[in-house]
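Please read this briefing alongside the sequence and the 3D view. It is written for someone meeting the structure for the first time.

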Amino acid sequence: MNSLHAMEVDVIYGRGASKRLLLSHFNLHLQESTLCAVIGANGAGKSSLLRVLAGVQNAQQGSIEWNGEPVQTIPVCDRPRYVAALFRDFSRVDGLTVYDLASMGRAAVNGSWFGQLSASDHTTIREVLEATGMAAFAERQLGTLSDGEFQKAMLAKLLAQDAPIMLLDEPTTHLDLPSSLELMHMLQRLARDFKKTIVFTSHELHLVFKMAQTVVLLGGDGTYAYGSAQYVAQHSLMCHFLRTDEISIMDGNLHFKISKS
């Protein structure tokens with residue numbers, strides 16, 4: 001069964017005198033078919049936590065397990081079989097098509113970095129392009145895509161790895177509301193139908209509390225809240241995060257108090 005576990009994890013940002021504790025004794029237990037959102041203020045440690053969960057940044061202490069195996073014991077060359085991660089520093093490459101991008105996902109998991117993809121690999125690529133609605137864009141160059149189309153192409157790349165765990169850093173950044181909603185529905189469907197364990201970071205609370213099954217709220221000072229969307233929405237840490245009584249969350253919806261001038 002697919003699973004992602006963090007046990008008693010401490011996450012540190014910076015070095016020396018600028019070193020800061022972002023998370024202390026953090027625990028997370030996610031099974032397959034779960035869509036989990038990580039929220040918090042800027043600088044609270046959302047991206048740092050995602051990098052720790054992805055195994056690209058070491059935790060100060062504690063352990064991470066993918067499908068019951070400690071990350072430290074998994075050879076680097078084998079890790080793409082467990083986790084597919086999308087961070088914000090991935091930029092469009094001139095001359096690369098959508099099909100080329102999805103092919104990179106297959107290459108990451110089977111080691112075929114020099115174009116030696118099998119017939120089965122190409123079948124997988126076509127399937128993930130279909131699943132993400134990008135089949136008709138296969139020969140389009142990345143530079144010609146809208147932001148929403150590019151994010152779906154990146155999602156196809158992750159799916160092509162066929163990894164049970166998917167980690168995405170702010171996947172709806174730069175997207176308009178309809179495109180953000182479409183992408184979130186797609187993540188819901190992938191978690192449900194493909195039995196993926198998906199963790200994503202976001203600032204878009206209106207989407208998080210309507211779409212995610214599980215929410216992690218980072219306090220930025222070592223504290224956190226973790227549980228169902230309803231539980232986190234009512235947690236005392238949410239008041240600290242919102243820092244205003246003009247916004248509230250009820251039944252998964254954002255409510256704004258409009259002040260008369």
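Predicted model: local features only at pLDDT ≥ 70, side-chain atom pairs only at ≥ 80, totals over all residues.

- Helix α3, residues 119-131, and helix α4, residues 147-160, have axes that come within 9 Å of each other and cross at roughly 140 degrees.
- The two helices α3 and α4 are therefore oblique to each other, and their crossing is right-handed.
- On the α3 side the contact is made by T124, V128 and L129, which meet A156, L159 and A160 of α4; by class, this contact has five nonpolar residues, one polar residue and no charged residues.

**The largest pocket**

- The largest pocket has a volume of about 350 Å³, and among the 18 residues that line it, V56, V83, A85, F87 and Q161 lie nearest its centre.
- The elements that give two or more residues to this lining are β6, residues 83-86, and α4, and the largest share, four residues, comes from β6.
- By class, the lining of the largest pocket divides into 13 nonpolar, two polar and three charged residues.

**The second largest pocket**

- The second largest pocket holds about 260 Å³ of space, and of its 15 lining residues R88, F150, Q151, T173 and H174 are the closest to its centre.
- Helix α4 gives the most to the lining of the second largest pocket, with four residues, while the lining as a whole divides into seven nonpolar, three polar and five charged residues.

Note on methods
Residues numbered from 1 in each chain as written. Heavy atoms only, no water. Axes fitted to C-alpha atoms, helices over the stretch in contact; angles between N-to-C directions. Parallel < 35°, antiparallel > 145°, perpendicular 65-115°, else oblique. Left-handed = near helix turned anticlockwise from the far one by under 90°. Contact = heavy atoms within 4.5 Å. Nonpolar A, V, L, I, M, F, W, Y, C, P; charged D, E, K, R; others polar. 1 Å grid on protein atoms, 1.4 Å probe; cavity = no way out; pocket = protein on both sides within 12 Å on 5 of 7 lines; lining within 4 Å. Points joined across faces, edges and corners; volume = space filled by probe spheres on them.
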